[in-house]
Each structure stands twice: as C-alpha cells, then as structure tokens.
Amino acid sequence: MTPDNEVRFRACLDDVAAYKPGRPPARTDGRPTYKLSSNENPYPPLPGVLAAATEAAAQMNRYPDMGAVDLLEALSARFGVPTSDLAVATGSVALLYHLLQATVAEGDEVVYAWRSFEAYPIAVQLTGATSVRVPLTDDARHDFKAMEAALTDRTKVVIVCTPNNPTGPVVRRDELLAFLDVVPPNVLVVLDEAYREFVREPDVVDGVDVYRDRPNVAVLRTFSKAYGLAGFRVGYAIAHPTVVAAIRKCALPFGVSHIAQAAAIASLGVEDELLKRVDALVEERTRVVDELRAAGWEVPETQTNFVWLSLGDDTVAFAEAVQAEGVSIRPFPGEGARITIGEREANDLFLSVARAWRT
C-alpha cells in the first residue's frame, strides 16, 4: 500500500517490464564492432534522402506539419489509398499504442501470438487490459486455431505480427483470411507488417489488400527497417477512416518531426534504389540461413532481416560468445536469440561462433 505522503501510480504499472533495446557492441582491443542486436538497415542513407533531411533541419525552429499532409499524400499515391485511411506516428509501435488507447481498458483482452514483438505486452499492460498470449507452433508460426479458441466476449483487439518478430515466419494469405472470417467484426485486428518489404514467399498476405474489404483491420508499417530511417521514427497506419480518426485523437501533437517527414517523402521518391538494398539483404539472409543449416542449426523460415536461433538455457552464453567477437545480438534468456542480417563481415563473425557452437 502506498503511503499517503508518496505519489500514487496506476496499479497496472506494477508488473510492466521496461522495453529492452538491442545492446550496442562493446570491445576494448581496437578491432571493429558490429551491432546485430537491433533490426536496423546497415546501409547509410542515400544522398538524396540525406540532403532532404539536412535541408529540413534548417527549419528546426518551427513546429512540423501536425497533419503531415505532404507525407500522407505521398503514401496515398504509393499505396492507392485515400489520405483519410492513413495516419503517421513516431514508428509503427507508437501507432499500436494509440490503437490500444483508443480501444481497450481494464477488463478487456488483447490476443496475440507469443513469442512475438516485445512491446506488445508492455503496450497492453499500460492500458490496464489483459494480454492473452497464444504460443507459437513448433516451427515458430502463428497458431490460428489456438488464437481462435482464445477469443472471448472480452476480446477487443487481436495483433498479428507478419513476418513475426523475433522468429521470422510470415503469415500466409489463406490462413489469415480464414481467421479473419471468424473474428467478430467489432474486434480490431492489427496487422503489424514492419518487415513487409523483406518478404519473398509468394503465398503471403498483403495487409493493404486485406484491409480494403474489412473495416476492422488496421495495417501498421514503418520506414525504420527497409527504408533505413530507424533514427527518425516514422511509422504509418492504413485503416478505414473511423479507425484512423481514433488514432489521430490519441496521437501526441507534432509527433513526427519535419526532418523525419522530409526524409520519409524523399525515401518514397527513391524507393526503387532503396529496395535494391533490400534485395541485397535478402540475398545475404539466404546465405546466412544456408550456412546455419549446413552447420546443423534448425532455423525457422525467415522472411525478415533477421534469423532466430532457439537456444533455451544456452541463450545468454551464446550471446556472450558472439559478443566476444565484437558482435552484439539480441538474446531472449531461456528461449533464443535474434540476429539481424547486417554487414557481411559482421555476419561472418556471428557464423564463425555458430559453427563452433555445434561442433
């Protein structure tokens, strides 16, 4: 019980764990270090994008366009959706927070697969609602039959992460549509597609196609991964106008900076060149997965810019062994590790440890 002379906080904060970002690499012997612990694009910004951001920085004394009109129009043209169906915020995770603020409260439930994105349970707990975590299948995929069984009259939101972070598999179109058919129309289904640009599997769901005929579906995407703007925090939602209106009501004023908006618009303008970099990362992903499997590792089919190794109790020790080579990865103690596809030199250092671990 909080004493009368201390500030009182909401009870839901008692069990909220802090979000753990990817740890930066550490080394003191002068050799290069590499960060594969956060799913960042390893390439530097394209000159045109950097120039647009630099020019926008000259206006840092002014507030940004709160409506992000130019960015919304650029996204509208890119995806063939009206601007009324678009919202932006400081990353796709901010949009998820806004959606949960708008839809759930104490006594409500949010269903999602687990393990999935670490921010989900934090975001749900902060609303006072209850997380309903549905275990992944043995091959690290969403178990939609179990998720269907988890739906109750208290379910307000379902989150589907495709491809799934941190395990990598993507949701196939037929399984998602079958699941959506049994979700009540008054339950919001959030498709978190932060890694959509890395997907190469043909029979895959595209949230932008799905949302058009389903008013209870919201799609979240980001400029942080494929577009390489992780440091600027720009995410966007595609949903029907009633959902977008709810997001905007919960959004912080002037959240997306003028510099971030300019960089995002410039990135859309050079998307073809940026996606060539994504192709190169996908090719490197294939090499890393093939080498891991050749060394005896069981690696889930990843459609992202990272790979997942199920390590169980060895997770922390493995991460420390990789760290000793100057490479940081993202351990989830007791479960496994997520390793971002980065520079070839970094990937090779990680692979050298992974091969030695299996001998």
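Trainee: Which residues make the nonpolar surface patch of about 330 Å²?

Mentor: This is a predicted model, in which local features need pLDDT of at least 70, side-chain atom pairs count only at pLDDT 80 or more, and totals for chains, interfaces and linings use all residues. Residues are numbered from 1 along each chain as its sequence is written, and side-chain values use heavy atoms, with hydrogens and water left out. A patch takes residues with over 30% relative accessible area and no salt bridge, joining like charges within 9 Å and nonpolar side chains (Val, Leu, Ile, Met, Phe, Trp, Tyr) within 5 Å; areas come from the Shrake-Rupley method with a 1.4 Å probe, and for residues only the protein chains shown count as cover. The patch of about 330 Å² is made by Val-7, Phe-9 and Leu-13.

Trainee: Is Val-7 buried or exposed?

Mentor: Val-7 lies in the segment before strand E1 (34-35); strands (E, at least two residues) and helices (H or I, at least four) are DSSP runs numbered from the N terminus. Buried means under 20% relative accessible area, exposed over 50%, and partly exposed in between (1.4 Å probe, protein chains only). At 62% relative accessibility, Val-7 is exposed.

Trainee: Which residue forms a salt bridge with Arg-141?

Mentor: A salt bridge is a side-chain nitrogen of Lys or Arg within 4 Å of a carboxyl oxygen of Asp or Glu, and the structure holds 19 of them. For Arg-141, which is buried at 12%, the closest N and O atoms of the pair are 2.7 Å apart. The partner of Arg-141 is Glu-175.

Trainee: Where do Arg-141 and Glu-175 lie, and how many residues apart are they?

Mentor: Arg-141 is in the loop between strand E4 (130-135) and helix H5 (144-150). Glu-175, partly exposed at 21% relative accessibility, is in helix H6 (residues 173-182). The pair links distant parts of the chain, and its residues are 34 residues apart.

Trainee: Which residue meets Asp-181 in a salt bridge?

Mentor: Asp-181 is exposed, with a relative accessible area of 56%. Its N to O distance in the bridge is 3.0 Å. The partner, counted as buried at 19%, is Arg-214.

Trainee: Why are Arg-287 and Glu-284 separated by about one helical turn?

Mentor: Arg-287 and Glu-284 form a salt bridge with closest N and O atoms 2.7 Å apart, and both are buried. An α-helix has 3.6 residues a turn, so residues three or four places apart point the same way. Arg-287 and Glu-284 are separated by about one turn because they are three residues apart in helix H10 (residues 271-294).

Trainee: On which side of H12 are its buried residues Ala-346, Asn-347, Phe-350, Leu-351, Val-353 and Ala-354?

Mentor: In H12, Ala-346, Asn-347, Phe-350, Leu-351, Val-353 and Ala-354 are buried. They cover an arc of only 160° around the axis, the arc being that of the directions from the helix axis to the C-beta atoms. This puts them on the same side of H12.

Trainee: Which residue does the UniProt annotation "modified residue: N6-(pyridoxal phosphate)lysine" cover?

Mentor: The annotation comes from an unreviewed UniProt entry; UniProt positions follow the numbering used here, feature names are shortened, and annotations may be inferred rather than shown by experiment. The residue is found in the loop between E7 and strand E8 (235-238), and is buried at 18%.
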